[in-house]
Every structure is written in structure tokens, then in C-alpha cells.
Amino acid sequence: DAVVEFWTPGDTLNEREDRDGVPYRLWRDEGHLQAPAGRTIDYAHVAARLGDLHAEHRIEVVAYDRWRIDDLRADLDGAGIDLDLLECGQGFKDMGPAVEALEELILNGRLRVRRNPVLRWNAASVVLEEDAAGNRKFAKRRATGRIDGVVALAMAVWAASKAPAGHNAGSYLETGTLVVL
């Protein structure tokens, strides 16, 4: 089971709607998209949300991409939130196994995702890219729209597949777009 949360800067909703051609304000109003005030996402907001989720679900690990992870770490530390972090890069080496893990769950009917129109749009925008060795990853530069939610879901599924025996594989997250399994 997966629940996906999305964030975008609230002060850029109109610009993003015009550029991307999707109803960000409607998604915000319906609760599918968090849009805190500002032109950028404040990592303290993300850290606080992770803290709330950790208190509620006992998060085992947070999968992350290296981009600005030091900012999130600083905000987690500042809030006294101690989470295990698992790096998952965006290249073929890391994303190949993540794509395979997600694909396996989907093809075997073992993945249930709470309905979210933002994720549906992301899934419809996904384009796969393959290297010479047959490894696959999601290609942002070739996508027709944003794909962050699908990337996050793949990272969370991959992180859950790394759970040691006896651990709660049900509480794994990917940062940026939040996925709780």
C-alpha cells in the first residue's frame, strides 16, 4: 500500500498551471497537493512532515536523492528528528533496480496506491530510458510532463525491498515527493 504526497511552492501555482497545463490549484484545494507559501519549498516543512509521519508510523528508512539532502539533514537535525537515510541516485545503477522493483509489484498485482490525480498525471508522463546493459530508468528530459511521484514511488518500493528481516517494510519514504509504503 502506498500513499503519495506532493509539494509545490504555493506562490508559483499560477505560473506552474500555465506552464504545465494541469490544475495545480484544484489539486491543492482537493488535498492532493501541498502548496505552502513561498517561491521554494522550505525543507523545515518537509522535515516537520517526516517527523509527524515518523511519530505515527515509525519510519524505518527514508530513500533520498543527493540533490539538497544536506539541507534536509540540517532541518531534520534542527527538529531533533532521527531517521535512517538510504541514498538512491537517479542514474541507471540505482534507478534500474528501483524500476524493476516497482514493475514487479505492478505486474503481479501487489501494489495498491491511494488515488491521487497528481500521481496519475506523473504516471502518464513517464518515459523509460535504457542503457547498453539493459538497465532502465525514468527519463525526465524525455517525459511529456512531471514524473517525480513515480520516481519517488519506485525509490520507496526499492527501499522497502532492502528491509532487513524482522523490520517493518511498511514504513519507507522517499523525500521530495513523499511515499509511505
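This is a predicted model: local features need pLDDT of at least 70, side-chain atom pairs count only at pLDDT 80 or more; totals for chains, interfaces and linings use all residues.
Student: Ok, at what angle do α5 and α7 cross?
Tutor: The axes of helix α5 (residues 92–107) and helix α7 (residues 148–161) cross at roughly 90° and come within 8 Å; the axes are lines fitted to C-alpha atoms over the stretch in contact, with angles running from 0 to 180 degrees between N-to-C directions, and helices are DSSP runs of H or I with at least four residues, numbered from the N terminus. That makes α5 roughly perpendicular to α7, a term for angles of 65 to 115 degrees.

Student: And which residues make the contact?
Tutor: Contact means heavy atoms within 4.5 Å, and on α5 the residues include M95, P97 and L105, while on α7 they include V150, M155 and W158. The residues of this contact divide into 14 nonpolar, no polar and no charged, where Ala, Val, Leu, Ile, Met, Phe, Trp, Tyr, Cys and Pro count as nonpolar, Asp, Glu, Lys and Arg as charged, and the others, Gly among them, as polar.

Student: New topic: how many aromatic pairs are there?
Tutor: A search of the whole structure finds 3, with rings of Phe, Tyr and Trp (its six-membered ring) pairing if their centres lie within 6.5 Å, and with planes under 30 degrees apart called stacked, over 60 edge-to-face and the rest tilted. One of them is Y24 with W27, an edge-to-face pair at 5.8 Å centre to centre and 90° between the planes.

Student: Where do Y24 and W27 lie?
Tutor: Both lie in helix α2 (residues 24–29), 3 residues apart, about one turn of the helix. W27 also forms a tilted pair with W121, at 5.8 Å centre to centre and 45° between the planes. W121 lies in helix α6 (residues 117–125), so this pair ties together parts that are 94 residues apart in sequence.

Student: Are W27 and W121 buried or exposed?
Tutor: Both are buried, which means under 20% relative accessible area, whereas exposed is over 50% and partly exposed is in between (1.4 Å probe, protein chains only).

Student: Last one: where is T8 found?
Tutor: T8 is in the loop between β1 (3–5) and α1 (13–20), and at 4% relative accessibility T8 counts as buried.

Conventions. Residues are numbered from 1 along each chain as its sequence is written. Side-chain values use heavy atoms; hydrogens and water are left out. Helices (H or I, at least four residues) and strands (E, at least two) are DSSP runs, numbered from the N terminus. Angles under 35 degrees count as roughly parallel, over 145 as roughly antiparallel, 65 to 115 as roughly perpendicular and the rest as oblique.
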